[in-house]
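Have the picture open while you read, and find each residue as it comes up.

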Amino acid sequence: MRLFKQLFFVFTALVALVTVLMIFSYDVIKIDWIVFMEIQPSYGTQEEPRAVPARSIPVEGAAYLPGVEPGNPVAADEVSVSRGAQLFSVNCSQCHGIDGKGNGTIAAFLVKKKPADLTGAAAQSLSDGQIFMTITNGVFKAENSLFPDVEFSGQCPPLNENLSVRERWDVVNYVRTLKAQP
């Protein structure tokens, strides 16, 4: 009888321990610890990026000064254009297509906002700095566009975290080679 009582208490303690563990592991009772990803500051997919902290300088140096259109510091030589073509095919061709006409594989699924035709007059009339800023900051909404006098039709994600400053200028030099074919 004594053995039965001891086993009963051991199993009762184990059931209680497992029950408490299950309550916390399945979030029946939720404890928010600071390390949980869901309570850390973040922004969702295709949201406007957060503003850069005041008086901060990126690791790779300043890419441009706010309020001043940047000039292209990279010569459009064969090396830059070939690097730009490779980067364009990896980062941009899904929407803009290999030829830059806005007919990429994802473009078929974008019904309301088609990717821009980079061979057209609207895109080719932009300055190098405007193309660089579009690659850097993306295009989200026409009313929030960096260039209110130019009509953008789609949404382009910012590539400032994917491409270095030099790589973005290489893509600009490649986009300059995409002219409309007659």
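**Salt bridges and a greasy patch**

Let's start inside helix α6, where D170 and R166 sit four residues apart, or about one turn of the helix. These two form a salt bridge, with the closest N and O atoms 3.1 Å apart. Keep in mind that this is a predicted model. As a bit of background, side chains of opposite charge can pair when their charged atoms come close.

- In total, the structure holds three salt bridges.
- D170 also forms a salt bridge with R83, and here the closest N and O atoms are 2.9 Å apart.
- That pair links distant parts of the chain: D170 belongs to helix α6 (residues 165-177), R83 belongs to helix α2 (residues 78-91), and they're 87 residues apart.
- Salt bridges that share partners tie R83, R166 and D170 together into one network.

- D170 has 0% relative accessibility, so it counts as buried; the cut-off for buried is under 20%.
- R83 comes out at 30% relative accessibility, so R83 counts as partly exposed.
- R166 is partly exposed too, because its relative accessible area is 38%, which lies between the 20% and 50% cut-offs.

**The R176 and D128 pair**

- The side chains of R176 and D128 meet in a salt bridge, at 2.6 Å from N to O.
- This pair also links distant parts of the chain, with R176 in helix α6 and D128 in helix α5 (residues 128-137), 48 residues apart.
- R176 has 21% relative accessibility, so R176 counts as partly exposed.
- D128 has 23% relative accessibility, so D128 counts as partly exposed as well.

**A nonpolar patch on the surface**

- Now leave the charges behind and look for L3, L7, V10, F11, L14, L17 and L21, which form a nonpolar patch on the surface.
- Together, the residues of this patch have about 690 Å² of accessible area.
- One of them, L3, is found in helix α1 (residues 2-25).
- How exposed is L3? Its relative accessibility is 57%, so L3 counts as exposed, because the cut-off for exposed is over 50%.

Note on methods. Residues are numbered from 1 along each chain as its sequence is written. This is a predicted model: local features need pLDDT of at least 70, side-chain atom pairs count only at pLDDT 80 or more; totals for chains, interfaces and linings use all residues. Side-chain values use heavy atoms; hydrogens and water are left out. A salt bridge is a side-chain nitrogen of Lys or Arg within 4 Å of a carboxyl oxygen of Asp or Glu. Helices (H or I, at least four residues) and strands (E, at least two) are DSSP runs, numbered from the N terminus. Buried means under 20% relative accessible area, exposed over 50%, partly exposed in between (1.4 Å probe, protein chains only). Patches are made of residues with over 30% relative accessible area and no salt bridge: like charges are joined within 9 Å, nonpolar side chains (Val, Leu, Ile, Met, Phe, Trp, Tyr) within 5 Å. Accessible areas come from the Shrake-Rupley method with a 1.4 Å probe; for residues, only the protein chains shown count as cover.
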